[in-house]
Amino acid sequence: MKTAKRIAIAAVAVVVAGGGCFGGYTRYQKKKDSKRVVDVVPVNLLVTDYWADESTTDATVASSGSQNVYLDSEKLVKKLYVKVGDKVKKGDVLLKYDMTVVELSVQQKKSQIALVRQQIKEEEKKLAKLKTLRPSEEAPAEPTYPDDPDVPDDPDTPTDPDTPDDPDTPDTPDVPVKLLDKVSSLAQAEEEDENGALVFYCSEKAAVDRNFMGALIISHKTALLNVCDESGTLLYTWYLDGANSPKELIEDWNVADGVEKTDESVSFNSLKFKAHGIFQVPADNAVPDDGDDGDDGDDSDIDDTDPDEGDDTDIDDTDPGDDYTPDDNSGDDGDSGDENYMYSRKELANMISEKETEIKSLKLDLKSAKLEYKNSLKQKKDGKVVAEQDGIVTRAGDDDDTDSGSDASDDNGDGMDDGSDAFDAIDSSYSDGSYSDDEDYSDEETSDNGDKPYITVRGSKKTRININISEMNLDKFQEGAVVQGMSYDTSESFSAKVLSIDPEPVSYSSNNYSDNPNSSTYSVLAEVQEDDVTFSVDNYLSVTIPQTDTDNGGMYLPLQYVRKDGANYYVMKADKKGKLKKQYVATGKVIWGSYIEIKKGISDSDMICFPYGKNVKEGVKTRETDSVEE
């Protein structure tokens with residue numbers, strides 16, 4: 001009985017003691033929080049006005065109501081098989097090219113691929129060299145040599161010289177600063193260098209916050225992220241130029257993304273990872289770029305098989321990449337050490353950026369050259385262009401000769417008319433199996449008609465297009481709505497009626513710079529109302545997004561004042577008692593890559609704070625200020 005009573009008394013004592021400790025801790029925290037003060041800014045000082053410009057979105061031609069044949073200015077037409085008013089079926093021959101010229105064109109396009117490849121390798125060697133150059137800011141100081149001192153007279157030898165004291169041992173230098181594991185604010189900069197760049201010292205696992213990137217780009221500042229190991233040894237540096245960085249770089253990333261480190265060297269893999277700045281390494285750690293242009297010479301993406309059946313053993317259709325071996329020494333103009341310290345860090349960054357842009361342009365040229373080569377291979381057997389659909393010929397030849405078809409019988413046995421008598425002169429030059437350059441080709445055989453199609457076959461169906469629309473604009477593309485657009489290829493204007501909207505998004509992000517990047521993208525099917533457009537399948541179009549009154553005005557806050565919590569967004573605002581409170585908001589589109597639309601949750605009269613920092617939490621006292629956090 002006494003034991004039970006003692007246990008009960010002990011339990012009560014423990015509860016009382018625990019409650020007292022908890023209460024004391026709570027009072028301590030409240031007292032501590034009562035001393036904290038966070039500055040808040042009126043919302044009306046932060047918001048920006050926005051009046052929407054005419055906004056567009058991309059579209060492609062899904063199915064065309066007509067087939068348009070454009071002449072290649074580098075080829076000669078041997079025979080035109082149709083005239084205006086002819087009815088054709090899918091597969092019927094429309095025209096035939098002179099194969100002598102086609103064969104020459106194939107060889108030229110094959111050589112062009114090899115030439116562009118060589119240019120890419122040369123420019124990448126130059127880029128690799130630029131990346132190993134050291135900026136002038138790191139140049140060692142020139143040593144100063146004092147004048148030779150006068151030689152003193154030999155001193156008398158002392159009988160018992162004193163032994164000098166041992167020199168003091170110098171202190172071991174400490175790591176200069178504490179390494180950052182997260183870069184989230186410009187205020188974390190350790191110093192500014194002589195060029196005004198903010199200097200940060202980061203650990204190898206450091207993360208860079210999107211708010212830091214946004215503040216850097218908005219303020220047009222430059223920054224050096226010096227990445228060091230645990231001993232403080234510099235491994236590599238990221239040079240970030242806010243004034244010349246695109247808004248797409250406002251995102252979270254890690255300094256080690258794409259960095260490949262070995263015992264002997266450090267390098268950055270620019271083929272697989274996005275560079276958020278200029279990657280620089282100390283000269284003793286640099287690894288020259290291996291010159292990989294992303295193209296290994298194995299043009300497996302080129303289908304060089306002939307689309308027509310038959311024996312093509314007499315045609316050389318080998319890919320230029322299979323037998324091309326560039327000179328490994330091309331573009332290598334000596335040791336880069338002679339050019340070290342000649343350019344400033346900013347000049348080097350600009351030179352590297354320009355060279356990378358030049359290489360990207362050359363790679364696009366390479367893709368174009370491959371596509372042209374692939375297309376030329378399709379015509380190399382017999383040079384025939386055939387109808388891709390059933391329909392009626394509404395255009396054939398030049399404007400002045402569209403009704404010049406001939407009723408002459410077909411001498412090829414393919415069931416097609418030979419066309420006008422003007423083409424008989426061309427046929428006669430091939431009657432003996434040879435080709436004569438002395439033949440006089442008329443304009444209607446050789447003209448490329450500028451931007452107009454040489455032959456148009458009109459089908460029975462209307463042209464349909466696929467429009468990519470952000471979910472934020474779906475309400476403007478309801479079934480039956482009519483939108484306006486223009487073709488990038490032909491500059492023709494058109495109107496299209498919305499037929500349907502795919503229920504599932506084609507992407508869970510938006511590629512339109514004016515939309516919220518977290519919004520999904522849907523495909524909208526529309527039918528072009530005009531019958532006389534000359535669109536072809538896969539042509540690119542621009543469609544104007546209809547504007548409403550709600551597109552203009554609105555409230556747009558800087559991105560750095562809005563935080564994300566899962567799929568939701570919130571701000572930290574002052575409540576009626578002057579205490580901080582987490583307030584969730586409904587957001588809309590992002591403009592200029594730096595402001596986000598606030599649809600509801602706060603008003604102009606509210607006051608909010610920069611939502612980062614150790615003192616920013618609910619319940620903390622606030623103080624009104626007009627100082628805006630960059």
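This is a predicted model: local features need pLDDT of at least 70, side-chain atom pairs count only at pLDDT 80 or more; totals for chains, interfaces and linings use all residues.
The largest nonpolar core comprises 29 residues. Within this core, the residues with the most contacts are F200, F212, L225, Y236, W238, L240 and V255. Six elements are named as giving two or more residues each: strand 7 (180-183), strand 9 (198-208), helix 4 (210-219), strand 10 (222-228), strand 11 (234-241) and strand 14 (266-268). Another core lies apart from this one and has 20 residues, among them I467, V524, V528 and F535. In soluble globular proteins, nonpolar side chains tend to be buried together.

Leaving aside residues up to four places away in sequence, Y236 touches L225, N226, V227, V255, A256, V259, V266, F279, Q280, V281 and P282. Y236 also belongs to an aromatic cluster, together with W238, W253, F268 and F279.

Aromatic pairs number 10 in the structure. In one of them, the ring centres of F494 and F535 are 5.5 Å apart and the planes meet at 80°, so the arrangement is edge-to-face. F610 is buried at 17% relative accessibility. Y612, at 22%, is partly exposed.

Strand 26 (residues 568-574) runs antiparallel to strand 27 (residues 580-591), and 6 bridges join them. Y570 stands opposite Y584 of strand 27. The two strands form a hairpin with 5 residues between them. In its turn, G578 has a positive phi of about 80°. The ring of Y570 also lies under a charge: the charged end of K582 sits over it, 4.6 Å from the ring centre.

Strand 27 pairs in turn with strand 28 (residues 595-600), again in the antiparallel sense, over 4 bridges. The bridge partner of T587 is I598, in strand 28. Here the hairpin has 3 residues between the strands, and W592 takes a positive phi near 60°.

Positive phi values also occur in other loops. Most residues other than glycine have a negative phi. Y341 is not a glycine, yet has a positive phi of about 70°. Y341 lies in the loop between strand 15 (278-280) and helix 5 (345-378), and is partly exposed at 35% relative accessibility. S491 has a positive phi near 65°. The loop that holds S491 runs between strand 20 (482-487) and strand 21 (493-501). S491 is exposed, with a relative accessibility of 53%.

The model contains 0 disulfides. For C228, the closest cysteine sulfur is that of C202, at 8.0 Å, which is too far for a bond. The cut-off for a disulfide is 2.5 Å between the sulfur atoms. C228 is buried, with a relative accessible area of 5%. C609 is likewise buried, at 1%.

How values were computed: Residues are numbered from 1 along each chain as its sequence is written. Side-chain values use heavy atoms; hydrogens and water are left out. Buried means under 20% relative accessible area, exposed over 50%, partly exposed in between (1.4 Å probe, protein chains only). A nonpolar core is a set of buried Ala, Val, Leu, Ile, Met, Phe, Trp, Tyr and Cys residues joined through side-chain atoms within 4.5 Å. Contact means heavy atoms within 4.5 Å. Two strands pair if DSSP finds at least two bridges between them. Rings of Phe, Tyr and Trp (its six-membered ring) pair if their centres lie within 6.5 Å; planes under 30 degrees apart count as stacked, over 60 as edge-to-face and the rest as tilted. A charge sits over a ring if NZ of Lys or CZ of Arg is within 6 Å of the ring centre and within 35 degrees of the ring normal.
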